[in-house]
Amino acid sequence: MTKAVRYRQFGGPEVLELQEIPEPHAAPDEVRVRVTAAGLNPMDWQITTQPDMAARFGITLPAGFGSDFAGVVDELGAEATGFAIGDRVYGAAIGRSVADFVLVNAAHLWPTPEGISDEVAATLPVSGLTASAALAAIGLRTGDTVLIGGAAGGVGIFAVQLAKLAGARVLGTASERTFAFLRGLGAEPVAYGPGLADRVRALAPEGITAAADLFGREAAETALKLGVAPERISVVADGPAPPPGVRKTGALDAGPGTLERIADAIHSGEITVPIAATFPVEQIREAVMTQAGRHVHGKIVVAL
Ligand SMILES: NC(=O)c1ccc[n+]([C@@H]2O[C@H](COP(=O)([O-])OP(=O)(O)OC[C@H]3O[C@@H](n4cnc5c(N)ncnc54)[C@H](OP(=O)(O)O)[C@@H]3O)[C@@H](O)[C@H]2O)c1
């Protein structure tokens, strides 16, 4: 028997159970990964609490939990190619990553570069792809001054550092207790909430040229108010329709090679991945409660 986090009814962290399940085996086109770390994202607990969102991802009850993972290939289907037993890999398997084993098609796996821990690799797919897509959607370039909303969260840590690497000046929204953390990533912090436009104007009197809103709609609406063209503004969170012309984007829009580029930048020290906390899988409910609190700096990881 092996362990997997599963749930039988929709609800909050209390529905999550660490269950013993029969050991799964790879189908002919699948790779089995012995998971050692699973990074959490808002979509994980949004799926367990929102049946309509679960349906969008084809998830029915009883269900598994989590999306991002890293570990080691330990079984190969007869037709699976591209990986060998013992390879370190990471990837995304929506609704089933927090388990001893995941079965995935090789197309959804990436090799974990030497020097990058499983803990860090397990944070990359959903957040890294989304951050990259949010910046690509607005054509971020050298010389831009970009406002990033929700800059200290799982997506924000990648977006801030990718924007700096692209040569932009980065203003990032956060609460005041998060300012030092954001400065450490290279962003100039600005408090979210009423009066944001005035605070942005004070920080950048010459104006901002682009915005990526990673939390809701406040940063996007502020950028519009400050005269940024709608096509230079993106949002990623579900919610009300974005203002006309503003781009809604997400992980699935990221271009090929995105994760490889981010992994290279981590390897070379140009990007760091702050891990706010790592929880043993037995504490899955505490891990999810922490993530769902929406005040995490960086990523939450579950160790298996
Ligand atoms: N479309 C896609 O493919 C896709 C993929 C990934 C994520 N998303 C969505 O993107 C959003 C961000 O994900 P994430 O992983 O970065 O979330 P997260 O890690 O939970 O974000 C936490 C951060 O949000 C900040 N925050 C809290 N309240 C805020 C507010 N009112 N305004 C601005 N920032 C606030 C917090 O800063 P303080 O601690 O300082 O308050 C904290 O650092 C989520 O809605 C998620 O569902 C979409």
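Tutor: Ser-132 is found in helix 4, where helices (H or I, at least four residues) and strands (E, at least two) are DSSP runs, numbered from the N terminus. The model is a predicted one, in which local features need pLDDT of at least 70 and side-chain atom pairs count only at pLDDT 80 or more, while totals for chains, interfaces and linings use all residues. Residues are numbered from 1 along each chain as its sequence is written, and side-chain values use heavy atoms, with hydrogens and water left out.

With a relative accessible area of 18%, Ser-132 is buried; buried means under 20% relative accessible area, exposed over 50%, and partly exposed in between, with a 1.4 Å probe and protein chains only. Leaving aside residues up to four places away in sequence, Ser-132 touches Leu-162 and Thr-258, and contact here means heavy atoms within 4.5 Å.

Helix 4 (125–136) also belongs to what covers the buried residues of helix 1, and this cover includes strand 1 (2–7), strand 3 (30–39), helix 2 (51–56) and helix 10 (284–292) too. Helix 1 (residues 42–49) has six of its eight residues buried, so it is largely enclosed by the rest of the structure. The buried residues in helix 1 are Met-43, Asp-44, Trp-45, Gln-46, Ile-47 and Thr-48.

Strand 1, one of the elements in that cover, leads us to a sheet. The open sheet of three strands has the order 2-1-4, with antiparallel pairing; two strands pair if DSSP finds at least two bridges between them. Strand 2 (17–21) and strand 4 (63–64) stand at the edges with a single partner strand each, so one side of each is left without a neighbour in the sheet. Between strand 1 and strand 2 there are five bridges in the antiparallel sense, and Lys-3 has Glu-20 in strand 2 as its bridge partner.

Lys-3 is also among the residues that Asp-100 touches, together with Thr-2, Val-33, Arg-34, Val-35 and Leu-304, again not counting residues up to four places away in sequence. Asp-100 has its place in the loop between strand 6 and strand 7 (101–105), and it is buried, with a relative accessible area of 7%. Pro-24 is 76 residues from Asp-100 along the chain, and the C-alpha atoms of the two are separated by 9.7 Å.

At Phe-101, the charged end of Arg-32 sits over the ring, 4.0 Å from its centre, and Arg-34 lies over the face of this ring at 5.9 Å from the centre. A charge sits over a ring if NZ of Lys or CZ of Arg is within 6 Å of the ring centre and within 35 degrees of the ring normal.

The other sheet to look at is an open one of six strands in the order 11-10-9-12-13-14, with parallel pairing. Strand 11 (188–191) and strand 14 (247–248) are at its edges, each with a single partner strand, so one side of each has no neighbour in the sheet. Strand 9 pairs with strand 10 (residues 169–174) in the parallel sense over four bridges, and Leu-147 stands opposite Leu-171 in strand 10. Helix 5 (residues 154–165) packs on the sheet and touches strand 9 and strand 10, its direction making about 175° with that of strand 9. For such angles, axes are lines fitted to C-alpha atoms, for helices over the stretch in contact, and the angles run from 0 to 180 degrees between N-to-C directions.

Strand 9 (residues 145–149) pairs with strand 12 as well, in the parallel sense and over four bridges, with Ile-148 opposite Ala-212 in strand 12. In strand 12 (residues 210–213), Ala-210 and Ala-212 point one way and Ala-211 and Asp-213 the other way, and all are buried. Strand 12 then pairs with strand 13 (residues 233–235) over three bridges in the parallel sense, where Asp-213 stands opposite Val-235. The chain crosses from strand 12 to strand 13 through helix 8 (residues 218–225), and this β-α-β crossover is right-handed: with the strands pointing away from the viewer, the path from the first strand over the helix to the second runs clockwise.
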